[in-house]
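Visitor: I would like to go through this model and ask what stands behind each label.
Guide: Go ahead.

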Amino acid sequence: MSIEQRGRMPLDYNPVVLPGSALRFRGPLATDRQPSIVCIGGSETFGRFIDAPFPAQLNEHSDQPVINLGVMNAGLDVLMTDHAILGALDDAEAVILQIISAHNMSNRFYTVHPRRNDRFLKASTMLRTIYPQVDFTEFNFTRHMLTQLHELSPDRFEIVRNELEAAWTARMIRFLGQVSAPVHLLWLSNRSPDAEESGDMSTDPLFVSPKMLDSVARYANSLTVVTPDAVQAPDDLQGKFFGPKEEAAARLLPGPKLHALATEELLRKL
């Protein structure tokens, strides 16, 4: 394990590199203590803008060590293929799997970067046939591309969305079947599962419906849903650490209150 040095930041994430992986995880990581509780997911699990995300809080209150293997902007591709993550899951006593978006993964319509799953690489022939007037070389990020496709034709976009929903559900079920340890699902978001998604597709987990959540939850040991509805008011920017150009991104992610609530709920189920 090695530590990557970074310049001054509003919040020091102590980036850590694990053997067999090119990813940067949040440190410090006590990976030499087993058995452990392994937390995997996206930016929320990583704890972007948060001083003490729920994995760190769980580590403080649990009898077992808790390892945070959250990856910023992760999709299912990186969680299901990274060697460090898969190795940790093999040794885990329990797994907390954050529900992440359905758009940051390769599918029949487009391919994403294998590690940075929010990066769009190329469109398939099928997608180019559905949107013949679109120049896909203009897109670098999946969310931007999908927003533009939806604005161009909401009707045709439903074909893309149906593919993403079906692929996400199938891969989640397959993934849950491959993990030997008990898996506890966590919905940690600024929107509830049954709330309508914003038109700009800004709030994660994107394209995950209550029906999809129910379909995968039956293969897990538990499901914990944590949203602003469970606290007196959304966290907004209170207790978050971010740079001058990161305010918009910081507003979209759950704050310290929701991370604390997630910790309380998960401790009851572990």
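Guide: In strand 9, H184 is the bridge partner of I96. This is a predicted model, where local features need pLDDT of at least 70, side-chain atom pairs count only at pLDDT 80 or more, and totals for chains, interfaces and linings use all residues. Residues are numbered from 1 along each chain as its sequence is written, and side-chain values use heavy atoms, with hydrogens and water left out.

Visitor: What makes strand 6 and strand 9 a pair?
Guide: Two strands pair if DSSP finds at least two bridges between them. Four bridges join strand 6 to strand 9, so they pair, and they run parallel. Strands here are DSSP runs of E, at least two residues, and helices are runs of H or I, at least four, numbered from the N terminus.

Visitor: Which strand pairs with strand 6 over five bridges?
Guide: Strand 4 (residues 36-40), in the parallel sense. There, I37 stands opposite A94 of strand 6.

Visitor: Why is strand 6 called largely enclosed?
Guide: Because six of its seven residues are buried. Buried means under 20% relative accessible area, exposed over 50%, partly exposed in between (1.4 Å probe, protein chains only).

Visitor: Why does W168 count as buried?
Guide: W168 has 0% relative accessibility, which is under 20%, so it is buried. W168 lies in helix 7 (residues 154-178).

Visitor: What does W168 touch, not counting residues up to four places away in sequence?
Guide: Contact means heavy atoms within 4.5 Å. The residues touched by W168 include L76, I99, M105 and V216.
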